[in-house]
Amino acid sequence: MYPKWLWPVFAVPGVVWLILLFLVPFYAVIGVAFGGIDPIFMNAVPSWNPAEWNYDSMLETLKGFLPGNSYWTVLVRTTVYVALALTGSLLIGYPVAYYISRHAKKTKSTLLALLVLPFWVSYMMRMLAWVNLFSLNGYINKFLIWSHLVTTPPDWLNGNPTSVVLGLIYGYVPYLILPLLAALDRIDRSVLEAARDLGASPASAFYHVTLPLSKPGILGASVIIALPMFGDYYTPNIVSSSPRTTMLGNQIDIYFHGGPQPAVGASLTLLLSGFLAVLMAYYMITIARTQKEMHG
Amino acid sequence: MNNRDSRIERILNRFNRGDFSRREALRALGAVGLVAGAGRLLDFQAIADEAGKQTGPGGIALSRPDKPVTLPLNGTPIKSGMEPEKGPFQIFNYQDYVDQKSVIDTFSKKYNVEVQLTTFDTMDQAITRLASGSVDMDATNIVPDRVAQMVAGKLLAPLNHDYIPNLAKNIFKSLQNPFYDQGSQYTVPYNLYATGIGWRNDKVKEDIAGLSNPWSVFWDDKTSAYKGYVGILDDDRESLGMAMLHAGEMDVNTEDPAVIEKALADLKMTVPISNPKMNITEYKDLAEATTWIHQSWSGDLLGAALFYMPKGTDPSVLSFWWPGKGKGTTQNDAWALLASSKKPVLGHLWLNHLLDSEVAYNNFTGFTGYQPAQASINADDLVKNQVIPANLKNVILTEDQVGAGSLQYCQLTPKGMALWQNAYARFSSGA
């Protein structure tokens with residue numbers, strides 16, 4: 001009824017967007033990583049031709065990732081923070097998404113609207129609000145003192161890693177709940193009914209049916225928040241500012257913010273992208289396997 | 001410069017641009033008779049003429065307080081006696097660094113012109129945007145260690161001082177002919193500051209100023225009592241420079257890798273002691289007591305006292321110390337006009353307006369907290385008139401504390417900048 005070319009045409013805007021707003025800028029980063037600098041202004045001069053690429057910066061940057069060197073320390077620290085923040089986000093976000101998907105009937109629309117509210121406020125403003133709330137004389141400490149839970153106000157913002165991890169959770173958990181909610185909503189309820197009919201308890205049905213079926217959603221939501229977390233530099237700056245808590249994004253920021261070595265910043269960006277590509281590959285292989293198991 | 005030096009310079013310029021590999025550059029230098037030291041020359045990207053001067057971007061000699069430089073002229077200044085153009089007039093500046101009411105609006109009213117302010121976060125960002133043409137400005141704030149770079153890139157317009165009588169009339173004599181721009185051919189000075197230590201004397205027991213080496217407060221084990229309440233400036237030159245001054249190394253423009261490496265090692269020692277925060281918000285943090293000891297710019301202490309103290313907290317809780325001329329760093333920034341501007345007369349009038357005593361005073365006391373380079377500014381008068389608290393009298397610099405003989409962070413070669421930047425990145429990595 002419809003010509004064969006019609007449906008692929010729907011993909012054209014997305015492909016054009018991908019090329020113009022992702023692939024071209026990404027190639028520009030590659031050009032900077034393997035290019036030179038303007039001798040007067042020390043701006044990056046990208047090299048577009050691979051035959052003319054200068055590998056010095058990349059090789060030097062790679063050495064920094066050898067165990068014991070500075071980038072290795074920062075990469076390990078960043079990975080630990082992201083893993084902890086991801087775990088925390090899942091522990092908070094999964095029950096919320098599960099409740100809205102399965103049990104919120106009359107309140108579902110209201111809860112969905114509340115979930116979307118954080119997106120109305122920029123990430124930067126939400127982090128600054130966090131700083132005000134958790135400052136020494138902020139409302140959180142005032143409440144803790146008033147409720148006699150503590151006698152001296154804790155210093156949340158004195159450069160400790162807990163604050164950074166909590167800041168990451170706070171900043172990114174809204175981005176996890178929505179895709180997870182969509183994935184849970186897609187689970188066929190008849191499968192759950194069948195499990196219950198066959199004698200499974202609610203907990204057993206959750207563990208053996210819901211949880212495995214929501215695995216693609218968990219992975220997808222995790223990817224959505226983990227990837228930007230790896231490049232985050234704003235959160236550790238705002239809630240900590242200590243050398244003990246800098247993430248890889250902070251190192252990239254130093255070199256991109258100025259100075260004669262933009263190629264180092266670009267090299268760090270490419271190496272981080274390579275690391276994340278490995279994680280993405282795991283995600284895609286797992287999804288493919290799960291799809292195969294589900295559909296035979 | 002003799003013929004051999006010219007050939008060496010051409011080889012180095014081609015090496016800098018990437019036209020020569022290191023091996024090719026070494027071979028070429030050997031061909032002109034420079035064999036011993038050729039490698040080091042490439043490492044530092046400098047040429048040594050008879051005066052032993054290093055050069056920065058564009059081959060302009062690196063200026064120092066004791067080695068003033070006359071910058072090459074890009075074109076000729078505008079003629080005297082011309083009428084100002086119509087607006088809008090575009091100025092380029094850090095955020096919150098020029099008062100809308102006392103400076104911008106008064107200029108607008110005086111010359112019947114709309115002034116539009118565009119801001120930048122860092123000087124690197126500013127220069128990138130100006131060089132790329134992504135912004136079209138008439139006048140810009142600038143720091144001395146980037147003036148030669150912008151002149152080399154032909155971004156700045158030479159000045160006609162006939163339009164700027166306030167420069168000779170009001171400004172510190174020592175800054176009318178600064179080492180980085182002899183003859184003030186391109187710039188006029190704006191604000192001054194010293195780098196020292198700011199602290200809350202109601203929270204910190206120690207008399208920091210009374211210590212034999214006050215910088216040592218960042219390295220003293222006793223400072224661990226203030227863990228989490230200590231701050232260091234988030235700036236590669238200032239932070240590593242502080243470690244150098246603490247160790248008695250006074251050449252804060254060094255490009256010696258060993259000296260920079262030692263400063264890095266020293267700076268890392270502060271982390272287990274006091275876990276310092278790296279930021280430039282001490283004007284707020286000291287006022288709000290979220291930081292108690294902070295490496296500070298003098299203007300930020302005044303800003304804290306004048307504008308950021310919480311209700312009920314007296315500014316007398318703030319204290320400041322800096323080492324003094326020749327032992328601690330001072331800095332001034334400046335304003336310049338862009339060569340691409342179509343409103344050069346208005347630009348000159350803007351510079352003259354900034355240097356007006358009343359305008360500069362109101363900008364300082366009503367908004368920025370940073371001392372302008374005005375000869376009329378006097379610490380005793382400011383205290384007497386209750387403009388600044390007596391405990392912060394020492395943030396006001398006198399004329400003899402700046403200019404020749406002072407310590408100042410100056411332009412480095414690209415290799416030197418890379419050494420400092422890499423050291424700072426390693427410090428901030430926490431490794």
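User: In this predicted model, in a crossing of which hand does H4(B) pass H12(B)?
Analyst: In this predicted model, helix H4 covers residues 100-111 of chain B and helix H12 covers residues 344-354 of chain B. Their axes come within 11 Å. The crossing in which H4(B) passes H12(B) is right-handed.

User: How many nonpolar residues are in the contact of H4(B) with H12(B)?
Analyst: H4(B) brings B:Val103, B:Phe107 and B:Tyr111 to the contact, and H12(B) brings B:Leu346, B:Leu349, B:Trp350, B:His353 and B:Leu354. Divided by class, the contact has no charged residues and one polar residue. The nonpolar residues number seven.

User: At roughly how many degrees do the axes of helix H9 and helix H10 of chain A cross?
Analyst: H9(A) spans residues 189-197 and H10(A) spans residues 202-213. H9(A) passes H10(A) in a right-handed crossing, and the two axes come within 10 Å. The angle at which they cross is roughly 145 degrees.

User: How many charged residues does the contact of H9(A) with H10(A) have?
Analyst: From H9(A) the contact uses A:Val191, A:Leu192, A:Ala195 and A:Arg196, and from H10(A) it uses A:Ala205, A:His208, A:Val209 and A:Thr210. Five of these residues are nonpolar and two are polar. The charged residues number one.

User: What percentage of the residues of chain A count as buried?
Analyst: Chain A has 14 helices and two strands. Its C-alpha trace spans about 75 × 70 × 35 Å along the principal axes. A residue is buried if 20 or more other C-beta atoms lie within 10 Å of its own. Of the 296 residues of chain A, the part that counts as buried is 32%.

User: Which element gives the largest share of the side of chain B that touches chain A?
Analyst: The contact between the chains takes 28 residues from chain A and 34 residues from chain B. On the chain B side, the elements that each supply at least two residues include helix H1 (3-17), helix H5 (123-132) and helix H15 (414-428). The largest share, nine residues, comes from H15(B).

User: Why is S4(B) described as largely enclosed by the rest of the structure?
Analyst: Strand S4 of chain B covers residues 187-200. S4(B) is largely enclosed because its buried residues number 14 of 14.

User: In which sense do S4(B) and S9(B) pair?
Analyst: Strand S9 covers residues 330-337 of chain B, and six bridges link it with S4(B). The sense of the pairing is antiparallel.

User: Which residue in S7(B) is the bridge partner of B:Val230?
Analyst: Strand S7 covers residues 293-297 of chain B, and five of its five residues are buried. Five bridges join S7(B) to S4(B) in the antiparallel sense, whereas strand S5 (residues 230-233) of chain B pairs with S7(B) in the parallel sense over two bridges. B:Ile293, B:Gln295 and B:Trp297 point one way from S7(B), and B:His294 and B:Ser296 point the other way. In S7(B), the bridge partner of B:Val230 is B:Ile293.

Technical notes
Residues are numbered from 1 along each chain as its sequence is written. Chains are lettered from A and ligands numbered from 1 in the order in which they are written. This is a predicted model: local features need pLDDT of at least 70, side-chain atom pairs count only at pLDDT 80 or more; totals for chains, interfaces and linings use all residues. Two residues are in contact if their C-beta atoms, placed from the backbone, lie within 7 Å. Helices (H or I, at least four residues) and strands (E, at least two) are DSSP runs, numbered from the N terminus. Axes are lines fitted to C-alpha atoms, for helices over the stretch in contact, and angles run from 0 to 180 degrees between N-to-C directions. A crossing is left-handed if the near helix is turned anticlockwise from the far one by less than a right angle, and right-handed if clockwise. Ala, Val, Leu, Ile, Met, Phe, Trp, Tyr, Cys and Pro count as nonpolar, Asp, Glu, Lys and Arg as charged, and the others, Gly among them, as polar. A residue is buried if 20 or more other C-beta atoms lie within 10 Å of its own, exposed if 12 or fewer, and partly exposed in between; C-beta atoms are placed from the backbone. Two strands pair if DSSP finds at least two bridges between them.
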